[in-house]
Amino acid sequence: DADLRGTDLTSSNLSEQPQGAKLSSANLSDADLSDADLRFANLTAANLSNANLSDTNFSDADLTVANLNGIQAINLKGCPASLPIGWKCENKALIQR
């Protein structure tokens, strides 16, 4: 339940095997996560609305039921293992179906 809204996390390494950052239910709205390493991160139910996620590595991350409204997510370095219903990772971008 961390409140990280508007935080600049550009190029942050939030990956740690076998488990990444535990950010379930975190408020990351309006945050800049561009070029961040979020491999294996648990972002279940996180609020990522209006966040910049471009160039981020989401390999094996869990974004189940995350709020992705208004995100910018292009040129991804890896796709999440799971996404909210109605979202997909295609051509290195997160897009709403």
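User: What makes the pair of L9 and S12 a polar contact?

Analyst: The backbone oxygen of L9 lies 2.8 Å from a polar atom of the S12 side chain. A polar contact is a pair of N or O atoms within 3.5 Å, where within protein one must be able to donate a hydrogen and the other to accept it, and residues adjacent in sequence count only if both atoms are side-chain atoms. The 2.8 Å pair therefore falls within the 3.5 Å limit. This is a predicted model, in which local features need pLDDT of at least 70 and side-chain atom pairs count only at pLDDT 80 or more, while totals for chains, interfaces and linings use all residues. Residues are numbered from 1 along each chain as its sequence is written, and side-chain values use heavy atoms, with hydrogens and water left out.

User: Why is S12 called buried?

Analyst: Its relative accessible area is 19%. Buried means under 20%, exposed over 50% and partly exposed in between (1.4 Å probe, protein chains only), so S12 counts as buried.

User: How do you know that C79 and C89 form a disulfide?

Analyst: Their sulfur atoms are 1.9 Å apart, and a disulfide is a pair of cysteine sulfur atoms within 2.5 Å, so the pair qualifies. A search of the whole structure finds one disulfide.
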